[in-house]
Structure formats: C-alpha cells, structure tokens
Amino acid sequence: MLNKLVIIVCLFYLYGCKISESNFLGKYIDKDRGDTLKLMSGNTYEFEEKLKNGEHGWNTGNWTIAKKRISFFNTNPLPVVGYKLRVNKIGVSQYPLQLIIHIDPSKKNIAFTEVGLLDKGIRINDEADIVTNRIIVKTIDFDSLVVKIPYFPMIAFNKNKLDINGIYEVIIYPAERLYELDKFAYKYQNGCLINRTAQIRYRKIADK
C-alpha cells in the first residue's frame, strides 16, 4: 500500500507540475522598456517595440520551447533603426577611396547586403571591392557611394565631402537599440519570461 502511494505521489509531481505550451500563451509586457509581446497558438508571436524616439516597431515570427526555455526566430520584418556616423580620415590610398566600416561598439565583420556607386542618381557599373569591413573604390567616375547593412536604412557617402585617395574609418552608432527579442532565450517563471543575463523581464498581463 505504501509503495502504491509513493508511486501516485511521484506521478502527481511528474505530470501535475509540468507546464503545457498553452500556459505560455497570452500577452506580456516589459515595463522597463514599454515593449509588448503576444504568444499565440501555432507557435507564432507578435512583438511591439517602443523605440526611444517614441515610435513603435512591430514584428512577427515563431517561438519554440527547448530545455524549459523559450526562444524566438523567423523575425519578420527585420527592424530598421536610425543611426549617426563618425567619419575620420586615417590614411592615403592608391585607390580613389577606401572606407573601413564598423558598428559601435562591435568590431565584428559586417554582412553588407548592397554596395553601389551612383553618378547623378543613376547606378553605374560597380568598381568596388569588399574585403571584410573594407570597401575599396577603384574608379573616380562616381558622385556617391551607397551601402546597405542589415538593420539600417541605406547609407550614402558623397564623394565631394571626401578626399580623393583617402582612407576613412566609418563608425556607425545606432540611434535605437537593436531588436532584442530573438537574441536571447527566456526562462518561464511565475508568469514571467526572464533573461537574467540581459536583465529583461516580460510579465504576463493577459491570457490567450
């Protein structure tokens, strides 16, 4: 009889304490940042990010549970944030122009999605090479260089504001914090999604 009772108690804790996916569904808010998150059935979510300038960014995607942690992926659309530039001439080149681009404070390699040369607003045959974060322009027959990097709008550089044969270091300072939801995994605890390392807490304010 005692052994049977022990088995029943163990089964209760094993299944009774297990949280089903339906427990996660609902609306959450990050009170410190003003962001809201809605977890929906079908492992989809909607996320509204309150930006520093008072505007709002809106994203959708998917969520999954692994090892008692919730992660987010398939973010769509990718956020676009404002920026400020610091452009310093650091040397002289054998080529008409070289730009070395970094995103502050990271020195990681940048995945350029587009680099193009324009003349009077018209795209010309590109004569620009990309070596890691360095853009090397091999022609003087252009009036501007445009660069596209994920998370940022198109960035344009006017040739008339740069010295011929100059080497420039360009540091991009994001005007807004970059999208954070899909950068971390979150532990579900007492109705909250928590990442203690990044000090982020989403508290549930409504069920599904």
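The largest cavity in this predicted model holds about 30 Å³ of space. A cavity here is a set of points on a 1 Å grid over the protein atoms alone where a 1.4 Å probe fits but cannot get out, and its volume is the space filled by probe spheres set on the points, which are joined across faces, edges and corners. Local features need pLDDT of at least 70 and side-chain atom pairs count only at pLDDT 80 or more, while totals for chains, interfaces and linings use all residues. Residues are numbered from 1 along each chain as its sequence is written, and side-chain values use heavy atoms, with hydrogens and water left out.

**The cavity**
- The count comes to one cavity of 30 Å³ or more.
- Pro96, Leu97, Lys159, Leu162, Asp163 and Ile164 line the largest cavity, where lining means having an atom within 4 Å of a point.
- This lining divides into four nonpolar residues, no polar ones and two charged ones; Ala, Val, Leu, Ile, Met, Phe, Trp, Tyr, Cys and Pro count as nonpolar, Asp, Glu, Lys and Arg as charged, and the others, Gly among them, as polar.

**The whole chain**
- Of its 208 residues, 36% are buried (buried is under 20% relative accessible area, exposed over 50%, partly exposed in between, with a 1.4 Å probe and protein chains only).

**The nonpolar cores**
- A nonpolar core is a set of buried Ala, Val, Leu, Ile, Met, Phe, Trp, Tyr and Cys residues joined through side-chain atoms within 4.5 Å.
- In the largest one, with 22 residues, Leu99, Ile101, Ile135, Leu145 and Ile149 touch the most other members.
- Strands S7 (97–103), S8 (114–119), S11 (134–137), S12 (144–148), S13 (155–158) and S14 (166–174) each supply at least two residues of this core, and S7 gives the most, with four.
- A second, separate core of 16 residues includes Tyr45, Phe47, Leu181 and Ile200.

**A look at Ser93**
- Ser93 sits in the loop between strand S6 (83–92) and S7, and Ser93 is buried, with a relative accessible area of 9%.
- Its side chain has a polar atom 2.8 Å from the backbone nitrogen of Tyr95.
- Setting aside neighbours within four places in sequence, Ser93 is in contact with Gln98, Asn165, Gly166 and Ile167 (contact means heavy atoms within 4.5 Å).

Key. 1 Å grid on protein atoms, 1.4 Å probe; cavity = no way out; pocket = protein on both sides within 12 Å on 5 of 7 lines; lining within 4 Å. Polar contact = N/O pair within 3.5 Å; in protein donor to acceptor, adjacent residues only side chain to side chain.
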